Amino acid sequence: MAVPTDLADHVKNLAALARSGEVDALADETMAWSARLAEADDDRRGKHRSQRQADARQSLRRLTPEKMPALLMTLLDRSVEVSDAGQRGILAALLHELVKPYTISQDPDDAEIALAFGARHVTYFGGDQLRELAERVLAAGRPLPPEALAVIRRSTVHGYWNSAQELAPLLDKLTDLPALNVGEPWADRALADVAALPPAEAERWYALFRHATTATSAKPSPKWETAGRVLLDAVGEPGPRLREWLGLVGRARTIRLARSQWEPDVNEAFDPYNATTLRGLIWLLAVGDAAEHPETARVLGYLVETALKKAPGIGPRNPKVANASVYALSRIPSDGALAQIARLASRVTYKGTLKELNAALDNRAKALGLSRDEVEELAVPTYGLTGVGVRVERFGDATATLDAASGTVSWLNSAGKAVKSPPAAVKTEFAEELAEFKAAVKDVDKMLSAQAERLDRQFLARRVWPFDAWRERYLDHPLVGTLARRLIWLVDDTACAFADGSLRTLEGKPVTGEQVRLWHPIDRDVDEVLAWRAWLETRRVTQPFKQAHREVYLLTAAEENTRVYSNRFAAHILRQHQFHALTAARGWRNKLRMMVDDTYEPASRDLPQWGLRAEFWIEGAGENWETDTTESGAYLRLATDQVRFYPTGAPANHAHAGGGGYEQWVGQEAQPTDPLPLNEIPPLVLSEVLRDVDLFVGVASVGNDPTWSDGGPDGRFREYWESYSFGELSGTAQTRREMLERLVPRLAIADRAHIEGRFLVVRGELRSYKIHLGSGNILMTPNDQYLCIVPKQAAGGPADVFLPFEGDRVLAVILSKALMLAKDTTITDPTITRQLALR
């Protein structure tokens, strides 16, 4: 076989392999040809493309007819895994031509082949064509395969080409249809479990499924729920099965689906037919006795999160399922359900579901006669913790101890000896209890993360607690206490923290009082701030978020001159999707910008306690559809501009997606609302808003990407990358510098490392290295040669290095790089050693 040097060689090889009948080798060559054609089309936009494809099809048709179906399905299987849109388009066009003869043939065998091909898509053929193919198979006395029924039902849900109308007669005359579409793990398990039951018991489950398929409204009616209760009672104890099935929702499809050139990865979405039934089953789970089981609330919380998990080009995978799960949680009166709602309300960013969560919390607060904040605080469960942060669980003679603060579990066997994992006897004799314990450990981790985020937001919430209530809900709470005891508080304006069993001042004096609020460095003396930092570091207290080391952003001379806006974070290039996720996590409103003729509001954060709205002006960056957008047309990058403040209720500003300036749209007789002078913004508000924006820039800037030394697409961002990667330090990076000045002398590499301006300088055996304290990027001697080291996605700090706060990933990356480069002769990664060898 000739080694291909161009497309003509590929086509010759295709012809030779087709004549030989080697299907796998022919599929390999077809994939290589399609990849090469995609590259050629990138160079010369589709010139002679039709002819090239025609030549390839002619070569493939030399394959014998009996082997063509195997080639068709093999190519389809391989196309599913292709990520390049251009290559997917070429393969889709080729496959369309290859399947066409089977769609027009009257042979039922060919109809089955066409249906099998269509079944590997969300929907493929039009409704009339699907019906004709199915009827040819049925006329031959053959049943329709489950995969074919699945694509038929998906097509009716999509409604393309009048599919629902065209396919209705076919579905009406079919009997014994599967209750669910195959291809998703949860549905496959449900179908298999029910099929294994005695016929009478199975029929009761099928009746329950049929009822679930009617869950087409936003919420169930009383009549629907009443009918559901009857069916649940007939089944007996549906809870265990339902929880097991629903716990599999969101896992990778068992039947992978192909997609068109510009279609997102459809395998990340939920089957649209199954989603309706899934919603019905979720509602039913909250109707019967199963609602009271503690695992039910966990499963529903999991469903909210997995249904809202974002997929490229799709967004949240299925908000319908997420909202159904929130509704079910709101109907369950247990503390566990309330805890899940409160946790999700602090984590979920999808507006529709967040609205449902907030409504559920507000309704519960109203029913209890409490404020929303109080309900959120009371909703935090203890998860069996005794004291603060510790749960001891006995399994016969073995003991497990959970340390909630670290998330670790230690085990003692029956002899009292420490072991790394549960003893075998625990796994066999206490399987159910062990599963519950492990689930609680996961719940503790999730809830602690949610509570840390909620506490971090209290700075701007202006929250003040009565001392006794605060002590019960925070300082002495078995779970939240693990966070509260690592923070600094103001008790009647006396700064204190937990030490030696009680609240104490810096001098060690016990503290009590009437009111409590969170301590913030902006309104405290510098000496006090530095003293608390030293206090934490001396006692090796790691705060759950930056508090003592929190960045403070004061009004600058430049901002006094611009008066109503800040340019402090203007002219940056950010990765849009990462920026969008960060804004949602920090409570900002933002929409993904598409490269379309449309307008957008700026990213904004409402501050109702202060009567203010903060705005961060951004616009799409780039004009090239191929290099500057995702497949769905969303900008890959944004350019940043001003930060402004307006009164609550001021008209929104709008700007075109690609820029051109923001303006307010008001009626002819109305006047635009002017932005507020920055010197009138409360210092705490200004500081916290600018800290958010610094976070957005510091995390999402393309300047952080060590692989962008060439400037990205066409080198357009080289100047920005260089200026950011090694330029002046932001507020966050300044805090990082101050932290490292104290930390480096304590490191094992103290004799090889020191701070020098914007860099942590590390002396290795081969080179010396300058690690930028803002980006974490590296220059090395001689001549400030760039060293590209890509950190692992989940990179954390070295395990033996104490840090006084959590959440600064760049600091952890800098420390990891420093410790590695100090021993550069031991580095074995070839991507690094090749760079070190260059002179």
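**Surface charge, a helix and the backbone**

Glu237 is found in the loop between α12 (222-235) and α13 (239-246), where helices (H or I, at least four residues) and strands (E, at least two) are DSSP runs numbered from the N terminus. This is a predicted model, in which local features need pLDDT of at least 70 and side-chain atom pairs count only at pLDDT 80 or more, while totals for chains, interfaces and linings use all residues. Residues are numbered from 1 along each chain as its sequence is written, and side-chain values use heavy atoms, with hydrogens and water left out.

With a relative accessibility of 69%, Glu237 counts as exposed, given that exposed means over 50% relative accessible area, buried under 20% and partly exposed in between, with a 1.4 Å probe and protein chains only. Together with Asp233, Asp289 and Glu292, Glu237 forms a negative surface patch; a patch of this kind is made of residues with over 30% relative accessible area and no salt bridge, like charges being joined within 9 Å, and a salt bridge is a side-chain nitrogen of Lys or Arg within 4 Å of a carboxyl oxygen of Asp or Glu.

Asp710 is twelve residues away from Glu722 along the chain, and the C-alpha atoms of the two are separated by 9.5 Å.

Helix α1 (residues 7-20) has 14 residues that should span 20 Å at 1.5 Å a residue, and its end C-alpha atoms are 20 Å apart, which agrees; the expected span is 1.5 Å times one less than the number of residues. Gly21 follows α1, and its phi is positive, near 80°.

Most residues other than glycine have a negative phi, and most peptide bonds are trans. Against that background, Arg563 has a positive phi of about 70° although it is not a glycine, and its place is in the loop between α26 (557-562) and β12 (573-575). Ala571 also lies in the loop between α26 and β12, has a positive phi near 70°, and is exposed, with a relative accessible area of 59%. The peptide bond from Thr781 to Pro782 is cis, with omega near 0°, and Pro782 lies in the loop between β22 (778-780) and β23 (785-787).

Terms used:
Patches are made of residues with over 30% relative accessible area and no salt bridge: like charges are joined within 9 Å, nonpolar side chains (Val, Leu, Ile, Met, Phe, Trp, Tyr) within 5 Å. Accessible areas come from the Shrake-Rupley method with a 1.4 Å probe; for residues, only the protein chains shown count as cover. Lys and Arg count as positive and Asp and Glu as negative; His and the chain ends are not counted. The place of a charge is taken as NZ of Lys, CZ of Arg, CG of Asp or CD of Glu.
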